[in-house]
Amino acid sequence: MIRGLRNIAAGLGFSLLGVFGEGVPDPHESILRSWIEASSHLTRFEAEFRQTRHLKALTQPLVSTGRVWFSAPDQFRWELGDPPQSVAVRSGDTLLILSPRLRRAESYALGGNLTGPGRDLMGLLEGAFPRSIEDWKGRFEITAVSTNQGVLRLDLRPRSPAARKLMPALIVGLDPGSLGLRLTEMVMVDGSRIRSEFGTLRTNAPISPELFRLDVDPTWKRIRNDSTP
Amino acid sequence: MPLGVLLVVWSLYRLRLDSDPLSLLPAGLPSVATLREHQALFPSARELLITVKAGTPEEASALAEGIAWDLGRRKDLVESTRWDTGFRESIADTVAWAWAQRAPMDLEVLEQRLEAGRIAQELAACRERLATTLDPAEIARLAYDPLGLLDVPGLSGMEAPGRAQADPFSSSDGTFRVVSVAPLNPSMPYREAAVWLGRIRGVVEEARQRIVGNPDGKTVRVAFTGYVAIMAETANGMERDLTSSVTLTLAVICLLFWVTHRSLKPLAWLVVSLLLTFLVTLALGSLVLGELNVISCGFASVMMGLVVDYALVGYQEMRACPGRSLGQIRTAVMPGILWSAATTAGTFLSLHFAGLPGLSELGTLTAMGLVVGAIVTLFWFLPRVAGRGPARVGEGEGLELGEAGVPGPFARWLAVAGTCVLMGFAVGVLALKGWPRIEGASDPLMPRNSASQEAMEELRSELGRTHKTSWLLVRGPDPESVHARFAEAVPGLEDARRTGAVVGFQLPSVIWPLPTHSRTNQATLGRLGGRADEFRSRLLEAGYGSNALHLADSILQRWHRWSGSGEGIPTWPEGVFGRWVAPMTSARDRDGSWIGRGLVETPSNREGFPSLSSGIQIAGWENLGPELLARVVGRVRVLTAAIAIALTLCLWLAFRRWTEVVLGLGALALSFGLLFTVMSLTGATWNLLNLVAIPLILGTSVDSTIHVQLALRRQGGDLRAVWRSTGVALLLCAGANIAGFGSLAWSSNAGLASLDLVCAGGVVCVLVVVLLLLPAWWLVLHRRPKGLSPSPGLQAEANDLTPNGSSGCTNDLTPNAMGQSPGPKPWTMKEDLSPDASEEPKDLSPGATPIPKGLSPASKPSHLYGVWAWWIALQVARRIGRRPLAGVTRLGMRLYMAVRPDRLDLVRENLRPVVGGEASRLRAIAKANGLGFAEKLVDLWRLEAGIRSRVRLAPEAGWHPFREAVASRKGVLLVTVHLGNWELGGPLLADLGVRPLVLSAAEPDSGLTTLRAAARAHHGVDTLVVGSDPFAFVEVIRRLQEGGVVALLLDRPVGSGVESRFFGRPFMASPAAAELARATGARIFPMVVIRDAEGPVARALPEVVYDRSNVADRELRRTFTTRLLATFEEVIREHPEQWFQFVPVWKSGPSGDGVSGP
């Protein structure tokens, strides 16, 4: 049960992963190429978002707000909660997940010989920032494309069985005109859904490098996973 | 015969093959003992593992579940099946139980956290964390376990550090699944296991067809591994190996035989003999060893390759000497075959010291096979091929000595230059590429090209077990002590992990039962269980749905039940997981003690086990290599050194020349150098098993160097003749040996195959060096101005050792061989006195006597007659009583007579004129003579060891004149014959106040001469060692002229003696007594010491009165010698069983020069 349950929230916080991706069956090839083309012009990205967690174990959804920063090619920062309760920072080959209230920092080495959940997590992250259409198509496929309430909706399915064990489906909402990111929604194995809606989007504006620093308060508990430096 | 057949059939019927790979390992090693213990205690070690690889996780899961379900219903085949741990289904059972095993303090913390006043705050914090955490696992846990009951302290330790994949039944992507199957009979023998496995395969295939439904099976792959599959595959593979290697060896042998002899019937008998040898050996192995290890079955082809040599030797002898009877042929070849069998068997028996039980059994079986093969050849094969087929003169025996086969200087030096080039090449290759590497892994003990092994490798890879896995066993009288030892092990394991010696480890500490904690915690758990309704309402208030309540409800219900019903807390978790985890992590020994099992992973590039605290046993197949290798290397070193020393000794005994000994050792050294070079070039390596090839090659190849050098001696360096006789024979024998070893190169056991490949390669290298290079070396070192001329004496000597034993047709066994002795020469002390004057049992040890060249082996000194053997005999005689010593000696004599029947034939021929020609009587007296000699030896050893036997004086008239003659000091010549205990006469004379001088020949070695002279001196007897020194005779005359007493023996024939008559036959007697009589006029007294029922008794025969004019010339002395001999005829006829003559005594056969018997 534990394994099944913990898969529910896999990929939580990484709902952007489909936003910058590409790939697809032939009927949707043109949309995908347009999306990748639009994403390729995106060197910096900053947004606020509202995340709603519809968990099957709870009678009411949990709502929180957060912010996200991205800087090509391999830096991003994700904060959830106000003040932030969880922070994920990627810089180069290192991903750091901070829990300020618990005074805990978990670090992952990207590109290392990770196995299990760590490997899946990193795979999803890399999928969010594709280098090419082939990379993205190796990770996802588009199962449906529709337009609803002014949003271009792409229904995605992870190709990796391991990834599907965490998240059977992913929905990405794009602006029909600019193909900019509007929302993501992860569907978990137990039916729980985590929806992030983005607002106040700023693109290619300067971002302080301080946001991507990996410094950790030495008094915090630090957990290294595998070959983390 | 029928009884023997029945015995063989019965033994073969009860033959059982041990197919357990663990039986190959030395039981004395601690890690092996732990492995055995592990296998005996943990049933999972004997399970069958079925692996399923599918395109999707769903497909793999469905098929694995279906297979487990179908097999689980086959109660006639299977005890149980499992395709996952059952943890998901049993999570409430497991967590409820795990809390009960925690320290009471942990329960207090839990109870405080769930206090009524704090629970609302706890649930609020939980919701906030749920809304913001990025950890998927945490979301799942907080959503379905808001009370935090899954936070059992230490439970996260179930996943080992560094282990990403903790599910033992599934790969991380779920496309690979494992189904474990516990057989109904886990100890079934391998044939039954093969049948069982076949039935299991049938059930699995049906399940696959039903569930997957693709008959071509392209997307789904099912494989079988685990103990049962590996054992069945190994054992059945070995059975196939045995059949194919025996067939191949037989085919090669048949081919070689046919090419050489082109005769069908002997070939058929040869094949039957080899098969008979094989069956009898297998039956003997079954009787002696009980259960045979499968690897030891490799003996068959090795044995056949060696045993066929014996048959070839016998058959070749038969063809070379067509006129000789079966008995003569057998007598001729028997010593060689038996000695060869004994020495080679000894070499194979030395495998006992290699430290690997499988090889020990192989060595024992091969040794038994060699002995059986020798007997079958001599007593079954030879009688059946006797007289068959025409003899081919010219295959060795008809060689013309001195043919133009001696190579010129250019050819010799060319060969030597070739040697240098070869050595340079070997040195260069070894310098550049290095010596063949020694592999430390235990892989050679496992089968190769094995589907079950490949499946195991895939399983390890798919489950992320990229490191070496070892088991860690901890023992204790109760669960608490085992748990404490696990805790003690953790710091050491953590240290090892930090240093890289350990990659990860799993200890069952968190799921280990602690009954004392359970009893203490029962009340707390009961209180918490009783608050289930309260917790439910609190959770609903906090916004949790019914989904979130399920786990907590289940756990609280169990706690409540355990505390209220009186059934108590179970030892292990209830549910599926509990039933799986208990036998996986724990076992109970017969004495009731508890054993806990953990798992340690070590880096794949690191050998050996990490060192842990005492009391913790660790073992694993993958890490056994270094420990085993250290043991085997140590043993092989000692073994090789011992065999090298023994071989040097053998070479010395064979050659008696250091140059040839050095050449022999050099040839072996170069052969090994070549073997190493070939191995280095081909990338072959030494491993646990093929290291043993070193002593094995040494032991089986040394005779090649002996045969070639002796053939060179015999043929005077004529290479053509050497090749036609010894060379061809060696080639045939080596071919058979190579076939025997090489046929196992395709064995399914990697180690056995490598061992046999190295052995076969070694034999080839030895053959190349010995046949192509050694003769050139020999010729360079033995150059003579006009070339070498073959020596008849050397030829006779070498005939004994020639592998086919036929060249030259060993007619040295015939009495005519005496005629090959050198012609008459001027008389010297050595020739005339030494053999006769010797007091020792020269019959079996006439090494010091001047044996004419060309005498038969029976006429040569026994190799047993040397200083060390004699010294040991004296030591033994000094320490044990006469009766046990006599018993052992008689037994030894019986064996000797069985091994050397030619000696017994010779005794019969010597006794024929004495007792008549009745065959049965002759046989009986000859046997009694041999046993009597054993008694005589015992008396002699005891005498020389300082223990005097009482010798009675017979009441005869001769004593008085003897005393008178001694008192007159005019010199007394005591003459005697090899009758009874003549050596006891010397000390007897000393007792009578006489200090006699005994004339003795030099012994086979100077140490023995000194030893024996000292022993006589101890008893007041002087010794004069006579030889070629002419002044020795002067000393004897001086002694007699001074009134001394000199003793000598009369009845040993001397080639250059005077032809006298003895028992009516011509007899080449020593004229020494007559010459001394002529020179000194000493009085001559015949005397004998014989043994009757009461012990030794000395008899003084009537004085031989003479006038010096009667010995004035040679003819008179011949007559006088005949008269002297005649005085002993009557007493010898009275005691023929005590007339110890073990060399031919009659000039040209028992009937003399055509003179009829008396």
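Visitor: Which residues does B:S509 touch, not counting residues up to four places away in sequence?

Guide: In this model, which is a predicted one, B:S509 touches B:R102, B:H483 and B:F486 once residues up to four places away in sequence are left out.

Visitor: And where is B:S509 in chain B?

Guide: B:S509 has its place in the loop between β8 and α17 of chain B, where α17 covers 515–529.

Visitor: Is B:S509 buried or exposed?

Guide: B:S509 counts as buried, because its relative accessibility is 18% and buried means under 20%.

Visitor: What other strands pair with β10(B)?

Guide: Strand β7, which spans residues 468–476 of chain B, pairs with β10(B) in the antiparallel sense over nine bridges, with B:K468 standing opposite B:T602. Strand β9, residues 586–588 of chain B, also pairs with β10(B) in the antiparallel sense, over three bridges, and there B:R588 has B:W594 as its bridge partner.

Visitor: What about the hairpin of β9(B) and β10(B), how many residues are between the strands?

Guide: There are five residues between the strands of that hairpin, and B:G592 takes a positive phi near 90° in it.

Visitor: How many residues of β10(B) are buried?

Guide: Nine of the nine residues of β10(B), residues 594–602, are buried, so the strand is largely enclosed by the rest of the structure. Both of its faces are covered, with B:W594, B:G596, B:G598, B:V600 and B:T602 buried on one side and B:I595, B:R597, B:L599 and B:E601 buried on the other.

Visitor: Which strand is joined to β18(B) by bridges?

Guide: Strand β17, residues 1058–1062 of chain B, runs antiparallel to β18(B) and is joined to it by five bridges, with B:S1060 standing opposite B:F1067. The hairpin these strands form has two residues between them, and in it B:F1063 takes a positive phi near 55°.

Visitor: Stepping back, how many helices and strands are there in chain B?

Guide: Chain B has 38 helices and 20 strands, and 58% of its 1158 residues count as buried. Among the contacts in chain B with a separation of 6 or more, 81% are between residues 24 or more positions apart.

Visitor: Switching to chain A, what pLDDT does it average?

Guide: Chain A averages a pLDDT of 75, and 76% of the residues score at least 70. Over residues 1–25 of chain A, however, pLDDT stays under 50, although the model has 115 contacts beyond four places in sequence for that stretch.

Visitor: Where is A:Q75, and what does it touch?

Guide: A:Q75 is in strand β3 of chain A, residues 75–80, and, leaving out residues up to four places away in sequence, A:Q75 touches A:W69, A:F70, A:R90, A:S91 and A:F212. The side chains of A:Q75 and A:S91 are joined by a polar contact of 3.4 Å.

Visitor: Why does A:Q75 count as partly exposed?

Guide: A:Q75 counts as partly exposed because its relative accessibility is 25%, and that class takes in what is between under 20% and over 50%.

Definitions and conventions:
Residues are numbered from 1 along each chain as its sequence is written. Chains are lettered from A and ligands numbered from 1 in the order in which they are written. This is a predicted model: local features need pLDDT of at least 70, side-chain atom pairs count only at pLDDT 80 or more; totals for chains, interfaces and linings use all residues. Side-chain values use heavy atoms; hydrogens and water are left out. Buried means under 20% relative accessible area, exposed over 50%, partly exposed in between (1.4 Å probe, protein chains only). Helices (H or I, at least four residues) and strands (E, at least two) are DSSP runs, numbered from the N terminus. Two strands pair if DSSP finds at least two bridges between them. Contact means heavy atoms within 4.5 Å. pLDDT is the predictor's confidence in each residue, from 0 to 100. A polar contact is a pair of N or O atoms within 3.5 Å; within protein, one must be able to donate a hydrogen and the other to accept it, and residues adjacent in sequence count only if both atoms are side-chain atoms.
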